[in-house]
Amino acid sequence: MSSLQSTREQVLEGPKRRYKVLVAKMGLDGHDRGAKVVARALRDAGFEVVYTGLRQTPEQVAMAAVQEDVDVIGVSILNGAHIHLMKRLMAKLRELGADDIPVVLGGTIPIPDLEPLRSLGIREIFLPGTSLAEIIEKVRKLAEEKRMREEAEASEQVGQA
Amino acid sequence: MKRLEASLKKWESETLPQWLERMPERMESFTTLSDIPVRRLYTPLDLKDWDYLEKLGFPGDYPFTRGIHATMYRAKLWTMRMFSGYGGPEETNRRLKFLIEHGETGLSLAFDEPTLVGIDPDDPLAEGHVGIEGVNVASLRDMEVIFDGIDMGRVTTNMTINLPAPVLLSYYVAVAEKQGVPYHKIGGTTQNDPLKEFIAQKTYVFPPEAAVKIAIDVIEWSVKNLPKWNPISISGYHIREAGATAVQELAFTLADGIEYVRQLIGRSLDVDTFAPRLSFFFDAHINFFEEIAKFRAARRMWAKIMRDWFGARKKRSMWLRFHTQTAGVSLVVQEPYNNIVRTAIEALAAVLGGTQSLHTNSFDEPFRVPSEFAAKIALRTQQIIAYETGVADTIDPLGGSYYIEWLTDEIEERAWKYIDKIEAMGGMLEAVKRGYPQKEVTESAYKFQRDLEEGRKFIVGVNIFRSDSIDEARNVPLLEFDQEEIEERQKRRVKEVRKMRNQERWRRALDNLRRAAERGENIMPYVLEAARAYATLGEIMGTLKEVYGVYVEPPEY
């Protein structure tokens, strides 16, 4: 409880604008328990959460992330199609010039797939049994890093002008 | 009773306080997995006006609490029906034969997601999904391969298929026709439960009303044509896996059943003609006594519903016959071999609860569909329970336990409250459209996760006795198969099927199906003809989508 509580304070009081997370389901996977539990937990922890709903294509998810200007994309996959779907998502993000948005993945991922997924650029992979506290804290850190990078870039640009 | 009451008071005031001081209890309060408070001790006093004949009766007699058959497992063990299938029809044919060879007594087909949502393997939406979570079936040709060398007159087959149930059942019947098996020998089950898809599993296709109409078509046609077929398996399993409590699982499943019975009666069918063919499907979770009590309460409640609400006269119409699957959601990645133990305990609960058929999960399922090695251990678990433990030698051995009877009553009472609420909304179809059960399930899932994190519930190796090592998980030998190769093979085959079939017969079959659907007729005879004409799953479902439309889930955020 205490760690959840302190994260909530950091989320609510840290950024000028609340951190925004896209929780996404892709492909035909209907197992949405994990996505909904995590979405709910992130919201309770003070994040702004956008949930895509079911049967989205990776391309739709990438577009939504850009349009919604999110800080983190959290994908939940339990149907085994993770490598295929994540490849497409990461490719589309690159194409949109949005590969600075950190992507995390949760679900039933066989251990041998962890390395290939990480090499696609996925920042965190949460296997079943990961605590909400851990997910929230890691998502918060990634959001914070992204905001810091953006601020640094913004001040650089001001300097150049 | 008075003497007992006095003795209990004496125990509570004299014996207990000394012990509580010397040996304080582990927790302030104890609850079941579903948060039903559990007291320290149960005695006959907890069963106040409890009447044996009213609450239990005898096995094979109303209200069937102790079992639907008078001889239960002493006569016939439950059917060992392992949910299986992966890859293409060839891989699945091999797996079925492997399980039969190791003593499995019934088949159960798991389909991949493209099949579950009724699209062909070359549909863009299917890309990357073909054959992963179950077998891909796109036409009669695939079903022929799955049952190659398996006599369909001698096995019974469960097909976990919902919205496309009319199509898969038609493929099955068409293959049986080719094998020369007469209709009265075709046995098995189609899950065919669309309501739970909106609540939980989410492999929906058509909007709720149309989805229910089609499911009722399958039931009506099967009752008239396939006397041994269970045309529906009213399923709580997926509702539970999505996060429902045992009470919610029970209540929502029975409420779904009530909706289907009403719809069937609405077609002017006599309840005793179809009720004996309705079957159920439940989850067996890890909280041992709660699960046993749930199964016993389910039988008693359904018997009452059928007799008192719907006026069933035949005993068989009042039977709640059910398949059970151990709880996939209870299995974890951490120290995965512990999952074998969890599954064994869950299977034991299902057997003590009087199940007719059982699937035991494999320990590697948090990673992927089971390897042969893991599937065999899961099957062996059932065989050990059946042949070594002796639990199948007497009927309902826990009947009369003060705790079990109290808990059965308690679960029943809580479930009726949900059913009353759903009835007040106008039945399950209305409740689903309002999103009521969906929200209840999400709430429970979230609450359970919080309970885990805050130490009110436990999973060994996860939030208690953590070993912080994934080495064991790393060493689990996983089923290997080349998904891309299978997808290519399935794409190729569906294209060949489209070319080789009699185009005129195929065209006519689909046209007739469309017109029958538009007229509101029972679609089954037309789907069967389309199946025989090698219409693909995507084509048949596509034709139905044109008439009935498609469902999009309303956003929750």
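The legends below describe close-up views of a predicted model, in which local features need pLDDT of at least 70, side-chain atom pairs count only at pLDDT 80 or more, and totals for chains, interfaces and linings use all residues. Residues are numbered from 1 along each chain as its sequence is written, chains are lettered from A in the order in which they are written, and side-chain values use heavy atoms, with hydrogens and water left out.

**View 1. The open sheet of chain A.** Five strands (E in DSSP, runs of at least two residues) form an open sheet in the order β2-β1-β3-β4-β5 with parallel pairing, where a pair requires at least two DSSP bridges. The edge strands β2 and β5 (124–126) of chain A each pair on one side only, and the twist averages 20° from one strand to the next.

**View 2. Helices α8 and α11 of chain B.** The axes (lines fitted to C-alpha atoms over the stretch in contact, with angles from 0 to 180 degrees between N-to-C directions) of α8(B) (residues 194–201) and α11(B) (residues 246–265) come within 9 Å and cross at roughly 150°. That makes α8(B) roughly antiparallel to α11(B), a term for angles over 145 degrees. Contacts (heavy atoms within 4.5 Å) join B:Pro194, B:Leu195, B:Lys196 and B:Ile199 in α8(B) with B:Asp256, B:Glu259 and B:Tyr260 in α11(B).

Key:
Helix = DSSP H or I, 4+ residues; strand = E, 2+ residues; numbered from the N terminus. Parallel < 35°, antiparallel > 145°, perpendicular 65-115°, else oblique.
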